[in-house]
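Here is a short briefing on one protein model. Please look over the sequence and the structure first, then read the points below.

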Amino acid sequence: MSNRQLSIILPLAIRDTYTYRVPDSMPCPRPGTRVLVPLAKREMVGIVLGQYNGEPLPEDKLRDIIEVLDAEPILTEEQLRLWQWVADYYMCPIGDVMLAALPNKANDRQYVLADTSRRRVKLPEYKGETYPPHPLDDQQTEALRRIRQEWQRHDVVLLHGVTSSGKTEVYIHLILEALERGQQVLYLVPEIALTAQLTDRLQRVFGSRLSVYHSRISDAQRMELYRQLILTNEPRLIVGARSAVFLPLRNAGLLIVDEEHEPSYKQQDPAPRYHARSLAAVRARLLGAKVLFGTATPSIETYYNALTGKYGLVEMKRRFQGLQLPRITLIDLQRQYHRKEMYQHFSDPLVMRIREELSKHKQIILFQNRRGYAPYVQCNACGYVPKCPDCDVSLTLHKATTYDARCSRLVCHYCGSTTPLPTVCPECGGEMRIHGFGTERIEDEVYGLFPEARVARMDLDTTRRKDDYQSILSAFAAHEVDILIGTQMVTKGLHFDNVSLVAVLNADSLLTQPTFRSYERAYHMLEQVSGRAGRTRTEEADSAEVFIQTFDPKHPVFDWVIRHDYEAMYSEQIAERESFRYPPFTRLITITLRHRHDETVERAAQTLRDRLKAVFGQRCSDVILPSISRVQTKHIRCLQLRIEANASIARAKAMLRPHLEALTSEAAFRTVEILPDIDPQ
């Protein structure tokens, strides 16, 4: 019987669904229920999507479901609709969505969702006191009123507030209102580091009603929180990174996307290549909830949507309690080097200012957006640069405990391969020289220049373990650290009372990214990192300063940052976007092709380009050779479609899909990977 044939989602990136038969002896499981099914010579855990609605398959071609694993579905109907939307919109098999959306424990056949007899992991409990939220000042009170007003006309509202204007306190009042209505709240942050400091602040108000969900907590803890959410709809606040957007929310009233401009909300690899900000808006629509985007530096697309009436807009243009935004000082590195007024990678004015702040027992943040000791090493005689054998990139120098050639290593930041640092050039025997600098080298220089200072470094290398974020941030907050050195992790929404000086050591590297978003992102990062200074009212707060070291002090981005002028940046960039047909005036689809043989991927890309040009015309680019054209032994080519904003993106994808399928069906290109990316960042 066809009504005993079910479509099952399996955690595989091969095809959308698989069809299985429900044995006569088994009750028909409901959509969203986990089942155990045979696949080839193994057994897998799948999710029931629903009845198979195609032509009934021959009974002798079907295999039976082995076991129903849960008495109740582990996905709500709304979650299943969300999964289908993600698979369709981002052009990926729904099995990819299953892998991204569920905790790993959900694929364990031994795990039974409603089995109360089994010993379960305990989620961390807050045992401290809870306190009422802080009273709002006039600006915050007005923002709260305006947000409620805007929600009457728009489901999504952008809260654009300068750094330290008190956006988080506004969030807290809105969260409290939702919880008191018996609703759930999802609070998304772009970086796991933010959850540590934010959780401490929120727990003092919400206590045990707060839960945390991200990849640094254990699989068992993630599954336990998932279990609690699916079995109850009690009021709860969930703080999490982008994957939390898939959690079961049976009674959600509010979704907050903090620092909405952050690129890390976009999943790059593997599929689905979703954007959590976009997904939050889709979920809210499915749930009947409201959305609040918050940031000091909105993405251009979001601000455009707010100005054109698609989203509501509320602005907070002053810092809390009338604090002044930090003063920006540009250091002309060309002039400093010419005058021999540099101490390694620190200009003379910066060194003097750091010493002055240390003497006052103030704290300093040093920002260098590159980890490791140096970006590359090069032979002084023949110019040889060690490169990764599997990726088209130079190897980054990392040191061990102290800088010593015998204990340093060269690391590929794309595939992770390592090799010892050669003592002499393997090509000619010449001397190998270090070029550039990363956070490790800055740490060494800081120890040499300021031996009395207590120093910590916060980058990917120092935060690999579960509690590393928390320990570094806690030490800095407790003033056990005087100077914090970090990559972009230190630019995002962190609040410290005693920071009076922030320094950007190499701002020029932010301006040369190979993307049309380069200036926008440079402005975002510089404005955000500058906002870490002078956040608390003290005698020195109004003298908080940001030093930006650059070889190009006349660059327009620095003028926008000096004036803290988001509107000027937006006006210039939106005009360029319109002239060159970039978002928000078009929608982008990037198609990436990968293969182990360069000739094969080049021919595949040229073949696909010719076919897409015939359909899309000038909307399709020529074949693009990316700046990094080989990663993990695979050569890469790209194509890009620009679809007019007023055209149907669904129709464009429907026209694209058969050409992608046709290419991989050809024998010559069967092993070419094709990776579509909708709305690439």
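**Briefing: sheets, helices and cysteines**

Strand 6 (residues 156–161) and strand 11 (residues 290–295) run parallel and are joined by 5 bridges. Within this pairing, His160 stands opposite Thr295 of strand 11. The model is predicted.

- An open sheet is formed by 7 strands, in the order 8-9-7-10-11-6-12, with parallel pairing.
- Strand 8 (210–213) and strand 12 (312–316) are at the edges. Each has a single partner strand, so one side of each has no neighbour in the sheet.
- From one strand to the next, the twist averages 20°.
- Helix 6 (residues 219–231) packs on this sheet and touches strand 7 (184–188), strand 8 and strand 9 (237–240). The direction of helix 6 makes about 130° with that of strand 8.
- Helix 7 (residues 276–287) lies across strand 6, strand 7, strand 10 (252–258) and strand 11. Helix 7 runs at about 170° to strand 10.

- Strand 1 (residues 5–9) has 5 of its 5 residues buried, so the rest of the structure largely encloses it.
- Gln5, Ser7 and Ile9 point one way from strand 1, while Leu6 and Ile8 point the other way. All of them are buried.
- Ser7 has Thr19 of strand 2 as its bridge partner.
- Strand 4 (residues 42–51) also pairs with strand 1 in the antiparallel sense, over 4 bridges. Here Ile8 stands opposite Val48.
- Strands of a sheet pair through backbone hydrogen bonds, in either the parallel or the antiparallel sense.

**Helix 13 against helix 15**

- Helix 13 (residues 518–530) holds His524.
- Helix 13 packs with helix 15 (residues 566–579) at an angle of about 165°, and their axes are 10 Å apart. Angles over 145 degrees count as roughly antiparallel, and the two helices are therefore roughly antiparallel to each other.
- The crossing of helix 13 past helix 15 is left-handed.
- On the helix 13 side, Tyr519, Glu520, Tyr523 and His524 make the contact. They meet Tyr566, Met569, Gln573 and Arg577 of helix 15.
- His524 counts as buried because its relative accessibility is 4%, under the 20% cut-off.
- Leaving out residues up to four places away in sequence, His524 touches His261, Thr297, Pro298, Ser299, Tyr566 and Met569.

**Cysteines**

- The disulfide count is 0, with a cut-off of 2.5 Å between cysteine sulfur atoms.
- For Cys92, the closest cysteine sulfur is in Cys638, 18 Å away, which is too far for a bond. Cys92 counts as buried, at 7% relative accessibility.
- Cys428 is in no disulfide either; its nearest cysteine sulfur belongs to Cys379 and is 3.5 Å away.
- Cys428 sits in the loop between strand 20 (418–420) and strand 21 (432–435). With a relative accessible area of 42%, Cys428 is partly exposed.
- Cys428 touches Cys379, Ala381 and Cys382, again leaving out residues up to four places away in sequence.
- Between Cys428 and Ala381 there are 7.7 Å in space, C-alpha to C-alpha, although they are 47 residues apart in sequence.

Methods
Residues numbered from 1 in each chain as written. Predicted model: local features only at pLDDT ≥ 70, side-chain atom pairs only at ≥ 80, totals over all residues. Heavy atoms only, no water. Buried < 20%, exposed > 50% of the residue type's maximum accessible area, 1.4 Å probe, protein only. Contact = heavy atoms within 4.5 Å. Pairing = 2+ DSSP bridges. Axes fitted to C-alpha atoms, helices over the stretch in contact; angles between N-to-C directions. Parallel < 35°, antiparallel > 145°, perpendicular 65-115°, else oblique. Left-handed = near helix turned anticlockwise from the far one by under 90°.
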